[in-house]
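Open the model in your viewer and keep the selection tool at hand.

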Amino acid sequence: MTVALPPADSVAVAGRPVRCRIAGAGPPVVLLHGIGRTLEDFTAQHELLARDHRVISVDLPGHGGSAPLDAPHTLPALARAVAEFLDAAGVTGPAHLVGNSLGGAVAMRLAADQPARAASLVLVNSAGFGPEVTVALRLLALRPLARLLLRPHPAIARRTERAIFQDPAYATEERIALALAVARQPHAAQVMGELVRNLGTWRGVRPQWRAELLAAVAALDLPVLVVWGDRDLILPAHHLAAARARLPRARTHLFPDTGHMPQIERAQAFHALVTDFWSRPVAS
């Protein structure tokens with residue numbers, strides 16, 4: 001049974017419904033969430049940025065209200081799906097790509113594969129900069145444990161939300177209920193399992209795809225901003241140092257007392273940082 005999610009728009013892509021929100025006018029901005037998440041992780045930024053941008057938030061394939069792919073869910077497959085969605089939504093020119101966690105890796109993959117689609121990259125506590133990742137995700141690479149851990153259960157949803165934020169006040173009952181609704185989607189466990197096994201093992205994130213992707217992004221003539229929360233329990237903040245080493249031309253920022261989602265915990269400061277970056281992509 002399909003679970004009701006908060007109201008949003010829908011765009012048909014190759015016959016598949018894709019849940020999205022599109023608002024505002026101006027330079028296009030695409031907001032991409034993390035694994036097992038939804039476009040609600042960017043609600044605050046969507047509203048702030050829509051004042052002077054055309055903002056497109058989207059549920060990735062198999063996430064939230066977007067239908068799963070017919071093929072396995074891999075990083076390249078997600079990037080292709082986002083490109084197809086942008087075509088369907090009428091975004092054919094370069095856009096500012098903003099990605100959190102897995103969404104950051106999807107944004108990088110899209111920019112590397114189709115550079116004409118990217119005006120800039122904003123990578124928010126992004127996957128791809130190191131092998132370390134929370135043990136909860138590493139264990140999902142083990143199929144017997146994955147079946148157990150991916151059960152839709154209120155306690156699991158609550159624990160996951162609390163791990164995301166430094167300030168527990170952000171792990172609201174509304175967010176916990178949404179996480180549980182998402183986990184109850186009939187395809188959710190399969191999609192999560194496919195992505196986790198594509199990107200990593202029980203030891204951590206695979207080095208092969210990370211090395212290739214970061215080399216491809218470093219070769220692009222593209223403004224890049226990498227931000228992190230210093231209390232991230234999902235992808236540790238020392239990955240920001242790896243980002244500086246692999247993408248030496250990128251601008252970086254570390255948010256203090258912040259977890260895995262600075263775009264939520266530091267919404268106003270994040271918005272100011274990102275819009276300043278877009279207005280001055282090269283440091284003066």
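A salt bridge here is a side-chain nitrogen of Lys or Arg within 4 Å of a carboxyl oxygen of Asp or Glu. This is a predicted model: local features need pLDDT of at least 70, side-chain atom pairs count only at pLDDT 80 or more, and totals for chains, interfaces and linings use all residues. Residues are numbered from 1 along each chain as its sequence is written, and side-chain values use heavy atoms, with hydrogens and water left out.

The structure holds 13 salt bridges.

**Stop one.** Select D276 and R251. Their side chains form a salt bridge, N to O 3.3 Å. D276 sits in helix α12 (residues 267–279) and R251 in strand β10, so the pair ties together parts 25 residues apart in sequence. Helices (H or I, at least four residues) and strands (E, at least two) are DSSP runs, numbered from the N terminus.

**Stop two.** Select R19 and E40. A salt bridge joins their side chains, N to O 2.6 Å. R19 lies in strand β2 (residues 16–23) and E40 in the loop between β3 and α1, so parts 21 residues apart in sequence are tied together. R19 is buried at 6% relative accessibility, and E40 is buried at 13%. Buried means under 20% relative accessible area, exposed over 50%, partly exposed in between (1.4 Å probe, protein chains only).

**Stop three.** Select T38. T38 is buried, at 4% relative accessibility.
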